[in-house]
Amino acid sequence: MTGRIDVLTIFPGYLAPLELSLVGKARAAGLLTVDVHDLRTWASDRHRTVDDTPFGGGAGMVMRPDVWGLALDEVLSTGADVSQTVLIPTPAGEPFTQALAEELALLVCAGGQLALACGRYEGIDARVGEHYARAGEVNVREVSIGDYVLNGGEVAALVIIEAVARLMPGVIGNPDSLVEESHGSAGLLEYPVYTKPPSWRGQDVPEVLLSGDHGRIGRWRRRRAVDRTAQRRPDLIEALGPAQVRPARALDAEALAEVAARTFPLACPPSVTPTDAAAFVAENLSAEQFRRYLRDRRRHVLVAELAGAVVGYTLLVVGAPENERVRAAAPDAGAELSKCYVLEDFHGQGLAALLLTETLALAARSGLTALWLGVNRANERAQRFYGKHGFERVGERTFTVGTRTEHDYVMAHTLRSA
Ligand code: JEB
């Protein structure tokens with residue numbers, strides 16, 4: 001069945017790009033008819049006027065409803081009676097989304113008609129949309145392609161038609177790219193992509209992509225997609241809902257090492273040099289170390305997972321404190337909360353609280369009656385956080401990061417159930 005798109009505009013020449021590329025292909029393949037109509041055809045006066053001054057005053061001109069009425073009546077009467085949608089691009093419209101593009105592609109594929117009413121000046125008299133919506137047979141949507149101001153609806157119509165036409169079967173050469181788009185990374189920005197040459201102007205393609213290890217490649221792409229989304233579109237991260245907290249698996253080791261490498265230096269006091277922090281991370285927080293931790297029955301690692309990427313973790317180390325001062329300060333502590341980190345881009349969403357709550361529950365289930373932790377004296381934010389979750393300051397200790405001796409407060413938490 002041939003779908004149909006009609007565009008009404010006072011600048012038909014603006015729609016010339018429709019002859020090109022993929023929209024042109026859909027048309028050539030007979031999947032799609034696109035007709036562009038000059039609105040002035042339906043003007044009645046000698047000057048073919050389509051606009052007039054706004055009632056209520058104000059700058060600019062408004063497009064007359066009578067001209068639009070004649071034009072739309074005619075274009076809709078010659079269209080399919082299956083299903084008809086009139087789209088009115090306007091900066092005041094509902095957002096035009098991929099979901100709406102998919103809905104419209106279905107309509108057009110099913111032989112329906114899509115009419116795009118492109119305004120100019122200050123827009124189209126509001127009664128036009130109301131009129132066709134009221135008649136009932138036509139679905140009317142006022143849409144906006146984004147939060148910026150254009151001079152008219154033509155460019156928006158081009159955007160909408162391209163987004164719809166590429167979803168029609170046979171328009172895109174490789175339908176795999178559509179499948180990948182619609183699930184896989186749903187709700188996330190795309191991961192970065194690379195091709196030959198493997199080294200270009202001193203920049204190398206990330207090694208993992210040359211490894212042939214599809215598991216690693218998949219996890220790396222997930223990680224990049226989630227990171228990018230957090231940096232550029234925090235609204236999309238919010239829409240994913242809360243992270244999942246779960247016990248870490250062997251396959252998480254690399255992700256954990258990466259999160260550790262990115263979070264540990266941030267939690268260090270300024271006196272710890274980047275070199276010292278890096279040495280500590282390499283020695284204690286490598287993927288290999290995490291693989292060892294994950295096999296060790298006395299270490300419990302929980303991860304916070306968001307859209308399939310690890311964004312935070314806790315490490316609980318079971319056993320009485322080795323340090324004498326700690327043992328004196330927290331005599332009942334049967335385990336250390338050794339790490340509780342969330343990537344910086346994911347702060348402020350309650351992830352650390354979720355992780356900590358789950359870790360405390362795990363400790364209680366394991367029969368522990370108290371936990372201890374060390375927190376740098378300068379890190380007031382962390383102290384407040386642990387305080388809010390039931391930890392109290394019970395003493396101090398020293399420990400070393402590389403060449404530096406650091407002074408920590410010791411905090412302890414008595415668990416409710418024994
Ligand atoms: C669409 C249009 C105009 C106020 C200011 C300017 C008809 N995302 C978008 N930005 N601008 C438009 C749009 C969409 N979709 C858009 C149609 C018209 C702008 N103007 C100019 C109208 N009102 C006239």
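Predicted model: local features only at pLDDT ≥ 70, side-chain atom pairs only at ≥ 80, totals over all residues.
Now look at the backbone contacts. A nitrogen atom of the ligand sits 3.0 Å from a polar backbone atom of Leu150. A backbone N or O atom of Val143 is 3.4 Å from a ligand nitrogen. For Ile145, a backbone N or O atom lies 3.5 Å from a nitrogen atom of the ligand. On its own, the ligand has 510 Å² of accessible area, and the protein covers 87% of this.

Step back to the whole chain. The domain assignment gives domain 1 (4-178), domain 2 (185-241) and domain 3 (242-414). Between the C-alpha centres of domain 1 and domain 2 there are 36 Å.

Next, find helix α14, residues 380-388. Its buried residues are Ala382, Gln383, Phe385 and Tyr386. Viewed down the helix axis, the buried residues of α14 fall within an arc of 160°, so they line one face. The face turned away from that buried side carries Glu380, Arg381, Arg384 and Lys388, which are exposed. What do the buried residues of α14 pack against? Their partners are β13 (335-342), α13 (351-365), β14 (370-376) and β16 (404-414). After α14 comes Gly390, with a positive phi near 95°.

Finally, turn to some backbone details. Most residues other than glycine have a negative phi, and most peptide bonds are trans. Arg48 has a positive phi, near 55°. Arg48 sits in the loop between β2 (32-38) and β3 (51-52). Is Arg48 buried or partly exposed? Its relative accessibility is 37%, so Arg48 counts as partly exposed. Tyr121 also has a positive phi near 55°. Look for Tyr121 in the loop between β6 (113-117) and α4 (127-135). Tyr121 is partly exposed, at 36% relative accessible area.

One peptide bond deserves a look too. The bond from Lys196 to Pro197 is cis, with omega near 0°. Pro197 lies in the loop between α6 (176-182) and β8 (199-200).

How values were computed: Residues numbered from 1 in each chain as written. Heavy atoms only, no water. Buried < 20%, exposed > 50% of the residue type's maximum accessible area, 1.4 Å probe, protein only. Helix = DSSP H or I, 4+ residues; strand = E, 2+ residues; numbered from the N terminus. Arc of directions from axis to C-beta. Contact = heavy atoms within 4.5 Å. Domains from an automatic or database assignment. Polar contact = N/O pair within 3.5 Å; in protein donor to acceptor, adjacent residues only side chain to side chain. Areas by Shrake-Rupley, 256 points an atom, 1.4 Å probe, with all protein chains shown as cover.
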